[in-house]
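Trainee: I would like to learn how to read a structure. Please take the surface as a starting point.

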Amino acid sequence: MRNLLDQEIIDSVRKGNDSDYSIIVNRYKNKAFSMLKRMLKNDFEAEEVLQDCFLKAYKSLVNFKGESKFSTWFYRIVYNTALTRLSSQKRKTETEMTSVEDHFNLESEYGSDEIEKTDMKEFIHDLIGKLPERYTAIITMFYLNEMSIEEISEVMGLTISNVKVMLHRSRNSLRDLILKTKLTQELI
């Protein structure tokens, strides 16, 4: 079987072959999950939001004009849905600040296990997840999903120069976090 283009799959789904949508799901689920996991910092939330994103994309396929790549259009849905979820989480957290469970979950995120990790790749991935959501998203899209500056610009609704500035700031924040974490490890 030849490698189908996204547009060919979308055309097939639009013609009533709903089962072909699973090809799109399989093609994008891992990278989208990775992005959501880093932004939301919770596997369960990321899985739930990912399902919502695929459902939103499916229901909106009729609105996909093909002016940009499907991946760009889909990652914009993923990014915006994650921001919406984060916004609602922040509101919920503000109203439930006194909950013991919330404090416990916050503390467990920064356990000593992270400091003891020897695998540099996991170490960096963990640090990326600690960056502000927008920095996490832009680093994930650029380095891990290998999206271009132009594609990120479309996804995030920013100008190309703003994406470049944000990418620069994200790199600097990550570098500072790495240096801070290494210094903390040396002091221990």
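Mentor: Accessible areas come from the Shrake-Rupley method with a 1.4 Å probe, and for residues only the protein chains shown count as cover. Here the protein chain has an accessible surface of about 11700 Å², and carbon and sulfur atoms hold 53% of that surface.

Trainee: What kind of model is this, and how are its residues numbered?

Mentor: This is a predicted model, in which local features need pLDDT of at least 70, side-chain atom pairs count only at pLDDT 80 or more, and totals for chains, interfaces and linings use all residues. Residues are numbered from 1 along each chain as its sequence is written, and side-chain values use heavy atoms, with hydrogens and water left out.

Trainee: How is pLDDT read?

Mentor: pLDDT is the predictor's confidence in each residue, from 0 to 100. The protein chain averages 81, and 79% of the residues score at least 70. Over residues 95-118 the pLDDT is below 50.

Trainee: Which helix holds Arg85?

Mentor: Helices are DSSP runs (H or I, at least four residues), numbered from the N terminus. Arg85 lies in helix α4, residues 70-95.

Trainee: Is Arg85 buried or exposed?

Mentor: Buried means under 20% relative accessible area, exposed over 50%, partly exposed in between (1.4 Å probe, protein chains only). Arg85 counts as buried because its relative accessibility is 16%.

Trainee: Which side chain has a polar contact with that of Arg85?

Mentor: A polar contact is a pair of N or O atoms within 3.5 Å; within protein, one must be able to donate a hydrogen and the other to accept it, and residues adjacent in sequence count only if both atoms are side-chain atoms. The side chain of Glu48 makes one of 3.2 Å with Arg85.

Technical notes: Contact = heavy atoms within 4.5 Å. Helix = DSSP H or I, 4+ residues; strand = E, 2+ residues; numbered from the N terminus.
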